[in-house]
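Please look at the sequence and the model first.

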Amino acid sequence: MTPKNIIEVRDLTVEFKKPKGSLLAVNHVDFDLREGSVTALVGESGSGKTTLAFTMLNIVNTTGKILSGSVNYNGTDVLKLKGEQLRRYRWKEISMIFQSAQSSLNPLMTIQQHFWETYLVHEPEADEKKVIPRFFRLLEDVMLDPDRVLKLYPHELSGGMKQRVMIAFSMLLSPRVIILDEPTTALDVITQDYIFSILDKIHNETGISMLLLTHDIGVVAKVADRIAVMYAGRIVEVGDIFTVFRHTAHPYAKALITTAPSLLDTDKDKEPIKGSPPDLIDLPPGCAFHPRCPYATEVCREKCPALTMIGEDHYVACHNSLPGKGAAAYE
Amino acid sequence: MNYFLRKLGTSLLNLIAVVVTIFIVLHMMPGDIIEPMAREEASRLGITYEEAYERVADRYNYNPQEPIYQQLVRYVKGLLRGDLGTSMLNPKNTVVSILSVALPWTIFVVSISLIISFILGMQLGALMAIRKRGIINNSITFYVTIVSAIPSYIIAIILSIIFVYQLRLFPKSGVYSIDVTPGFNMPFILSVLHYSVLPITTYVITSTGGWILNMKGSSVHVLGSDYVFAAQARGIPEKIIMRRYMKKNAMIPMITILAMAFGGMIGGAPLIEGQFQYLGMGAYLAKALGERDFILYQGLLLCISISVILANLVADLLYSKLDPRIRLE
Ligand SMILES: Nc1ncnc2c1ncn2[C@@H]1O[C@H](COP(=O)(O)OP(=O)(O)OP(=O)(O)O)[C@@H](O)[C@H]1O
Ligand SMILES: [Mg+2]
């Protein structure tokens, strides 16, 4: 049985124009989000994770432009949605906790006003008294005291509380997908674990699909069941978490995973990735990773590798990872 | 409450500093202005110069021959009694009586002008922030550019040439017609409005541009903030985002600027009031300065400073009322 995809991104390209030139933050990307999965999208800063996620809400930043592709949600192309249809789609079907979650709330409104406002614009017939119990339940699910928190203004919440409020908020309309963009980077380690245990619980109870954007591979191992690795606007490796961790095929993914602190306890070949992150405005020809890649060959400098299936539910975009070649995974 | 008391204390300290500063600056002006008057009085009444000097000094509650600290004590004692001295040109008029005539007219004109230009500025500024291009935006920009390049008294002159001298729609001078009796009656109110139209129009024309640009800047800033982006992601309709997110947040700094602008404008614009011979604070300020009536000048300055300090206090308190982030402090 083939697993069902709730989101299918096809050939998506997003361009940003900068004074120095234009860059493709997302470069001909194909990506599937499996229904009911927790998929981690991993990559270093600037690799295009947030830009890719934004297109799923069709909320591209003012300066960004979608050059090609489609984002299918449940059979509709989200990028074609407009006006009222688009407005109703957002948050009802897919919600997102932004990287800037700490400043995602209107400073002049209490938490209850936020919840009620969003609820009302999606359910115009609603009666505030009848939905307040729902607000209570959502906040209790993230271990907050609803009586107190609902009355507070955003600045009266601590960082961890705000993040939990945002998680509760994202569940408000029972969406089918929730995107979490670096949900714990601003928080201390203990709070991070706490947040992930809450997310885990929510996932187990509701079966909601989650897309987790992070550059912290350690986080991925804890919560995700699928992983996609992004480099310079492209997906370079994607697959089931165990497969990808055990048979890492892309040299960049390999470096990411092995350099992650205390993950596989393989201190022996712990070596930071050489070279500097790519300049998206002036990408090297061929595979964007080749200047930093220890396995690079002639073809890598000339041709950009396509995402190819190399095992069951395991795809990689590398000339040298195909079975029988250099860095191959399944030896 | 604590916050209120702290702000009140700061205002009081400011007030004391202002009183002392105005006093010292004005008393550093060279020359003894009492002397010529004492001479004149001595010869007129046939008394000794010393005696005349004493009398004149007492009348103005100001004796430049005393050491400065003694002068300050004398001045402050007068203040505490509510005595600001008398006009030097017209000793029958106390400074307080002049203030009580001039201040209400200026407050009247300034408040109406500010309300009109503030409301216009908020609406147009917000509109400009939302519609980045288009006819509305271009025409507002054009208007603001033109108006900000013209000094306000030129606008006053243009208006009076057109409406006073050519069309004869509005009076040349004064604050109400001599044919009406002051009080709460229709003819008086209409007359007051009639006389104030041109000064108010001038203020509105000259100050609306500033409000528009301020509000536009503030709105653009808010539009770029994370919580507006997040609201869009939640499917909040644009109309609500503009009203509840952009306008409300953008207006908080505007409202405090409004309170302060009000204080600042109590000085009136001497040139505008002068052009229409509208006898408010500005007109008296110009008069006092022109005629070197320095006791009147000192009284007017003090009154203006107090209103600025009060306005700042109101601005602070308003800010804490409007912005929940300040409330906890
Ligand atoms: N609003 C914008 N204007 C211009 N360029 C942008 C904008 N947003 C993103 N970019 C560019 O697109 C590229 C990808 O950015 P994106 O935010 O998607 O990366 P990311 O993987 O989410 O990184 P991070 O881990 O830092 O969040 C970057 O090079 C960035 O400079
Ligand atoms: Mg990001």
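## Paired strands in chain A

In this predicted model, Glu8(A) stands opposite Asp32(A), a residue of E2(A). The two strands involved are E1 (residues 5-18) and E2 (residues 21-34) of chain A, and 10 bridges pair them in the antiparallel sense. The link from E1(A) to E2(A) is a hairpin of 2 residues.

E1(A) also pairs with strand E4 (residues 64-73) of chain A. This pairing is antiparallel too and has 8 bridges. Here Glu15(A) is the residue that faces Lys65(A) of E4(A). As a general point, side chains in a regular strand alternate between the two faces of the sheet.

## Helices of chain B

What does chain B contain in the way of helices and strands? Chain B has 14 helices and 0 strands.

The C-alpha trace of chain B spans about 90 × 55 × 40 Å along its principal axes.

## Packing and surface of chain B

Chain B has 329 residues, of which 43% are buried. Among its contacts with a separation of 6 or more, 68% are between residues 24 or more positions apart.

## Charges of chain B

How many positive and negative side chains does chain B have? There are 27 positive and 19 negative side chains in chain B. The centres of these two sets are 18 Å apart.

Note on methods
Residues numbered from 1 in each chain as written. Chains lettered and ligands numbered in written order. Predicted model: local features only at pLDDT ≥ 70, side-chain atom pairs only at ≥ 80, totals over all residues. Heavy atoms only, no water. Helix = DSSP H or I, 4+ residues; strand = E, 2+ residues; numbered from the N terminus. Buried < 20%, exposed > 50% of the residue type's maximum accessible area, 1.4 Å probe, protein only. Contact = heavy atoms within 4.5 Å. Lys, Arg positive; Asp, Glu negative; His and termini not counted. Charge placed at Lys NZ, Arg CZ, Asp CG, Glu CD. Pairing = 2+ DSSP bridges.
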